[in-house]
Structures are given as structure tokens and as C-alpha cells.
Amino acid sequence: MTGLAANLGRRSAVTELAPAAAAATPALRKAGTVRFEALGKSYASSAGQVQALAGIDLDIRAGEIFGIIGRSGAGKSSLLRTINRLERPSTGRVLVDGEDIAALDEAGLVALRRRVGMVFQHFNLLSAKTVRGNVALPLRVAGLPGGEIARRVDQALELVGLTGKGDTYPSRLSGGQKQRVGIARALVSRPEILLCDEATSALDPETTVSILRLLRNINRRLGLTVVLITHEMSVIREICDRVVVLEAGRIAEQGPVWQVFGAPNHAATQALLQPLQHGLPEDLVQRLRDKRHGAGDETLVELSFLGRNAPDLGQLAAVTGQGAGRGRLRLVSSQLERIQGHSIGKLLVALGPGVAPEALAPLADQTRILGYVDASDD
């Protein structure tokens, strides 16, 4: 990734590939907005009509990275594909830059799909064409002159870190390189919006990180709106500004990523976040009791930070009387992380005799007594 920053920082590629609206000031820039109004989508099946989406009201802002998550069958792909009209809504409207795309004629639809690039899970590269040939394909279909095609392809390959790979065939590329070709192909038409359909789910963790960094840098440098769907909550946490959670075709909840991750309200969101959360350490589970057994027992307290407070260990020590010989506080485990500048997660502490758990309440967003353990076991 060391060469990526240099590639992205070269003014020629960035300036040329940016959509025209990116040259405007952020306050004036409108290109790249998406609005769903009472959107519904149903499919015919042998069992009758299947409702994939219902009552979707949602705004995606220009220039943000917006995540769509949900369990299998929640309607993620159906919603994403209405943005470039690969799927037609059964009810409601989709507006791109304020325009109802259902009203577009064939020429308007072609123009829309040039403004809305798409990156796929399985790359969708043509094995018989080189990297350059794959990236150039949308421009050849559009009928651009050969010189213009060559210039744009070079810029796109430079932007995604594949300079020098133009004459290579897909079979000689790694999975991450193939996805970079797919991203370059999506960018070569200079879109305002980039749709990512499970763009990292076929990649190993290390490659996923590099692709996410690439997408985030492209978003920042070009000002593109990026809309991605994924079942990987770590992907949303890594790069998204806001997120919507779908459940059975409806919006379960939405908001800034730190807020949704820090205090999920809906059961669907809580279930999706469960793999990112660690339970109580097994050794403590074995020792934990509901009631005190002796005067030396410690109280196990869980402090939850939901983005509004930040943990201050100095305050914890002061509240419990540390340094004055009046109490004992042990940090048992920590599951804290920073998301969009907010502290999210939990601290598990053990309080010795004479320390009131209630004294910790002002220091966290939530506190909960889990039980009691015998301090002599440590």
C-alpha cells in the first residue's frame, strides 16, 4: 500500500477521473445524492408475490460512504440494484440527483449507468481480455475515440495501483488485483456514485483491508458517493459514515456507524453485531456467583461506553478511593475501540470490598453488576 498514497496524490489521475461536480465547492456539490421514497419491490414466485422491499424512505448524501447491511434475504441487493435501475421498483420512487429515474428513456438510462459505477463480488472480468481490455470495455461500448480510451484507462490503472499491469491477463492476477481491475473499470466512466455489491466477501482478510483503504481513498480524493452492501460488519465499521440495517425488506434502524454499533436498538442489528463482541472470559464464567460468599469477594462490574463518554482510568481510581487505601479496583478486560472519533465498547472491572458499584455510574453510559468472584482465586 506504500505506493497507493502516491498514486492517489498525483493530480492528473485524480483531476481527470473526478466527476465534473467534484470541482465545485462541497457546499454546492449536489451530484451523487440518492433518495428512496416509499420504495417497494415484489417478485412473482410459484407461491405468489414475494415482498422483497417495503416502505423504504432513505436519503444517501453526496460524497459519503453509505453501508447497507442485513441478514440473508433482507433485501440488500434488491435495494442497491434499484439505484442504477437494474431492478425496477414495484412502488415508490428512486431519485438520483433529484431526478426520478423511472422516467428515463433508453438514452437517459445509458447516461445514468455511466454516472453510477458498480463493483461486483466475483470481479466479472473477461478472461480473454487483458487488464487494459477489461477496463476499456465500458468506453469502447460508449464509442469513445481510441486515444481518449487509452488516456482514461491509464489514469484508472494508476489510481488503483495497477500501473504496469495493463497487458496482464486476469488468470495471472491475485484476487485483490482482480478486484482493483473491477474498481478501475467502474471508475473509468467518471461516475458520481460507486455501488459495491459484496466487493470484499471473496477476499482474504489482509486483501480486504487493502481494498477498503483503496475505496476510502477514492471516496476522499474524487468525492464519489460510495454505497456498499455487505454481511461483514467489520467492513461497515472500517469505512462507512452511515449505515442502514434491513430486516425482512424494511428499515430496522439507521444512523451514523458509531451510534448504530454503540447502541443497537433492533434485534436484527444486535444479532449482526454479535460476532464482533466477546463474551465474559471463560475462567470468570466458572467462578462467577450471584451472591457474595465472603467478605473478601469482589464485585464484577461491566461499564459500557456507547460513544458519548470516554473511559478515564484516573477518574475510576479516584472514585473508588485508589491511592488512599480505601478500596481496590482491578481492570479485568477491555473491549474498547474508536469508531468515527467515539469510544465504543466495554470495560470489565472487579471492585474490592467497601467500593460501591453505584459510584461508577457517572463515568460510563451504562453500568451493570454481573456477579461476584472470590478474589483469593487470583
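Begin with the cysteines: the structure holds 0 disulfides, a disulfide being a pair of cysteine sulfur atoms within 2.5 Å. Cys196 takes part in none, and the nearest cysteine sulfur, that of Cys240, is 9.3 Å away. This is a predicted model, in which local features need pLDDT of at least 70, side-chain atom pairs count only at pLDDT 80 or more, and totals for chains, interfaces and linings use all residues. Residues are numbered from 1 along each chain as its sequence is written, and side-chain values use heavy atoms, with hydrogens and water left out.

Select Cys240 next. Cys240 is buried at 3% relative accessibility, where buried means under 20% relative accessible area, exposed over 50%, and partly exposed in between (1.4 Å probe, protein chains only). Cys196 also counts as buried, at 1% relative accessibility.

Now display strand S7 (193-197); helices (H or I, at least four residues) and strands (E, at least two) are DSSP runs, numbered from the N terminus. Which residues point each way from S7? Ile193, Leu195 and Asp197 point one way, Leu194 and Cys196 the other, and all are buried. Because 5 of the 5 residues of S7 are buried, the strand is largely enclosed by the rest of the structure.

Strand S6 (residues 116-119) runs parallel to S7 and is joined to it by 4 bridges. On this side, Val119 stands opposite Cys196. Strand S8 (residues 225-230) is likewise parallel to S7, with 5 bridges between them. Here Ile193 stands opposite Thr225.

Include helix H8 (205-222) in the selection. S7, H8 and S8 make a right-handed β-α-β unit. A crossover is right-handed if, with the strands pointing away from the viewer, the path from the first strand over the helix to the second runs clockwise.

Turn next to backbone torsions. Most residues other than glycine have a negative phi. Glu198, in the loop between S7 and H8, has a positive phi, near 50°. Glu198 is buried, with a relative accessible area of 12%.

Finally, select Ala38 in strand S1 (residues 34-45). Its phi is also positive, near 45°. Is Ala38 buried or partly exposed? At 43% relative accessibility, Ala38 counts as partly exposed.

Key:
Pairing = 2+ DSSP bridges.
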